[in-house]
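Please have the model open as you read.

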Amino acid sequence: MVNRIYSSQELKDLQQHLNKMNPVDLAEHFSNLTPYEVAIRIKLLNKDLLADTFAELTKDKKLEIIQILSQDRIQELMQELDEDELVDTLQEMPANMVKQIMTRYIDEDRRPIINQLLGYPEDSVGSIMSVRFISCKMNDPIDEVKQAVLNSDLDADKLEQIWVTDPYLKLIGFVFLADLFRAKEDNLMPLMQSVNRTVSAHDDQEVVAKLALRYDLSQVPVVDRENRLIGTVPVEWAIDVVREEYDEDLSNIHGITDEPDEGYLESSNFAIAKSRTTWLVICLVTATITGFIIHRYESMLAGSVALAAYIPMLMDSGGNAGSQASTTVIRSLFTGDITLSNFFQVMFKEMSIGIYVGVILAVVNFLRILIMDNVPISINLTVSFTLIITVIISKIMGGILPLIAEKLKIDPTVMAGPIITTIVDTVSLLIYFEVASLMLGL
């Protein structure tokens, strides 16, 4: 393929166009270009916009750009990246490249901060927090604080709140930038807002998303054990966390593990197949349990063949009922509406819901069988009564399994997918055959 030759006017027009684009749109634009076209555009971007765009790119595209840039441009890029963005980039790089970037392109005064952030576990608050913020002591004159803001090189979104500490640097509140510059008195205390919640650098990043959602926070402060401010997580980063957690939860619910980072069309078919196979194999193996159960009650089915026709309906109803309950409980866990202390409340609530839902379904099912199926009334009653019990137990299990997972430090969404379906299928069969043996005397 022949590389296009641009005229001077075309390059000038392209430069004006590119430097007006949003970094997210630029990153998407870069993903569809050849290395040559990317190199042309990189030279035309101003350094701030290049850094913002670079932070939005995929791992492979970042590696490609680093290989394109000159050493001076790499150093400029590393200087423009915020510490959290730089850490994200380094975590995606091969070890030899990380060492090269740290020794050649990271200023000595930034290395301790970068090393500290790299030391936090992946998906922890520390791995995503920003260590660039403005703080002041509670007794500082307002004019001094204003001057600190004016002299700061922080972006506007990091200056919305000025954090206030006591003389021992312990966080006690914050002041909105607008209130600071409107103040008529030289005293911070009347302007200060209380801090609703703080997080630790070692907390899971999902905690930040929960707090930002629950308390409508624009920034979440990160403190150490002595309540000293060590970083912040802006709300836009919390939104990114929500998306990541949503993608992870959705994958767990549908039994997808280690989903590729690339887009759907860019990912290899083998990688996607691998991510989908694990739980399918587990379900395939565990499904043998239902086969053993059916084999055990083979004589019962032989005595009343009509019973076999309703097995899929009962298993599907139980699985769907359990998934509804688990999804509701998981959502409530995320928003903080319930905690582990509500275990028995959840159990009894889902039992009550199960009774209502089970009776309604049983009545509808009884009428359906009565009208459409030519089977004895005794079998109709057996199926309908089993449906009530199955739905009740499925609701209870769907409600408590996510709580048990939370207690065991397992992602509760794992319980909303294949596991709940497999367990409920097994329980539904056992209930069905035991009820049939009692009611039909088989």
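1. Let me start with helix H17 (residues 311–335) and helix H19 (residues 377–407), whose axes come within 7 Å and cross at roughly 30°. H17 is therefore roughly parallel to H19 (angles under 35 degrees). The crossing of these two helices is right-handed.

2. A word on the basis: this is a predicted model, in which local features need pLDDT of at least 70 and side-chain atom pairs count only at pLDDT 80 or more, while totals for chains, interfaces and linings use all residues. Residues are numbered from 1 along each chain as its sequence is written, and side-chain values use heavy atoms, with hydrogens and water left out.

3. On the H17 side, the contact (heavy atoms within 4.5 Å) includes Met313, Leu314, Ala321, Val329 and Leu333, and the H19 residues include Val383, Leu387, Lys395, Gly398 and Pro402. By class, the contact of H17 with H19 has 12 nonpolar, 10 polar and one charged residue.

4. Helix H4 (residues 47–56) packs on helix H6 (residues 71–80) at an angle of about 75°, their axes 9 Å apart. These two are therefore roughly perpendicular (65 to 115 degrees). Lys47, Asp48, Leu50, Ala51 and Phe54 of H4 meet Arg73, Leu77 and Glu80 of H6. That contact divides into four nonpolar, no polar and four charged residues.

5. Do look at helix H7 (residues 83–92) too: seven of its 10 residues are buried (under 20% relative accessible area), so H7 is largely enclosed by the rest of the structure. The buried residues are Glu83, Asp84, Glu85, Leu86, Val87, Thr89 and Leu90.

Note on methods
Axes are lines fitted to C-alpha atoms, for helices over the stretch in contact, and angles run from 0 to 180 degrees between N-to-C directions. Helices (H or I, at least four residues) and strands (E, at least two) are DSSP runs, numbered from the N terminus. Angles under 35 degrees count as roughly parallel, over 145 as roughly antiparallel, 65 to 115 as roughly perpendicular and the rest as oblique. Ala, Val, Leu, Ile, Met, Phe, Trp, Tyr, Cys and Pro count as nonpolar, Asp, Glu, Lys and Arg as charged, and the others, Gly among them, as polar. Buried means under 20% relative accessible area, exposed over 50%, partly exposed in between (1.4 Å probe, protein chains only). A crossing is left-handed if the near helix is turned anticlockwise from the far one by less than a right angle, and right-handed if clockwise.
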